[in-house]
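Subject: Structure handover

Hi,

Here is the structure for you to look through.

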Amino acid sequence: MLWYGLYGLLAAEVAVLTLLVLPLPLALQAALLRPMRMLWNAAPFRAVMIGVAVVVLVIGIASYQENNALYHKRHAPNLAEGQLEALNVRYFRGQRNVYLCFLSDYLLLMLFGFNNLFQEIADLRKRVSVGKKTK
């Protein structure tokens, strides 16, 4: 169940990042960014997302360690054929889990970076518009 939630988080991150990097008209982009900035700048949401990132990182590290142990078990000389197939399945799933965790954390860091970048762009636009009004 945990992995379905992580996969859902990853899919949501990919969808949001796709919307952010599409060359949309400025008005549409501003309409999409305004709610996102309000959400990301809210302290409770930011704290929850940092907590999610830390938990996903810990799960990813645990999955990596488990996968490393499975790698060494797979190369033991006295494994039966059925055991090797079961270990291969577990190893494949472990690899998938590691990739899901670390990719999800990477995309979450990108979302934080995009939020900061778009906030800075919005501030610069305000400064430019104020500068044009005073002239």
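H4 gives the most to the lining of the largest pocket, with seven residues. This is a predicted model, where local features need pLDDT of at least 70, side-chain atom pairs count only at pLDDT 80 or more, and totals for chains, interfaces and linings use all residues. Residues are numbered from 1 along each chain as its sequence is written, and side-chain values use heavy atoms, with hydrogens and water left out.

The pocket

The largest pocket has a volume of about 240 Å³. A pocket here is an open set of points on a 1 Å grid over the protein atoms alone, where a 1.4 Å probe fits, with protein on both sides within 12 Å along at least five of seven lines; lining residues have an atom within 4 Å of a point. Grid points are joined across faces, edges and corners, and the volume is the space filled by probe spheres set on the points. The lining has 13 residues, and the closest to the pocket centre are Ala 30, Arg 37, Phe 118, Ala 122 and Arg 125. Helix H2 (26-41) and helix H4 (81-134) are the elements that give two or more residues to it. Helices are DSSP runs (H or I, at least four residues), numbered from the N terminus. By class, the lining has six nonpolar, two polar and five charged residues. Ala, Val, Leu, Ile, Met, Phe, Trp, Tyr, Cys and Pro count as nonpolar, Asp, Glu, Lys and Arg as charged, and the others, Gly among them, as polar.

Helix packing

H2 and H3 pack at about 75°, with axes 5 Å apart. That makes H2 roughly perpendicular to H3 (65 to 115 degrees; under 35 is roughly parallel, over 145 roughly antiparallel, the rest oblique). Axes are lines fitted to C-alpha atoms over the stretch in contact, and angles run from 0 to 180 degrees between N-to-C directions. Leu 39, Trp 40 and Asn 41 of H2 make the contact with Ala 43, Phe 45, Arg 46 and Met 49 of H3 (heavy atoms within 4.5 Å).

Helix H1 (residues 2-21) and helix H3 (residues 43-74) pack at about 125°, with axes 13 Å apart. H1 is therefore oblique to H3. Leu 2, Trp 3, Leu 6 and Leu 9 in H1 meet Met 49, Val 52, Val 56, Ile 59 and Ser 63 in H3. That contact has eight nonpolar residues, one polar and no charged.

H1 and H2 pack at about 140°, with axes 10 Å apart. They are therefore oblique to each other.

Best wishes
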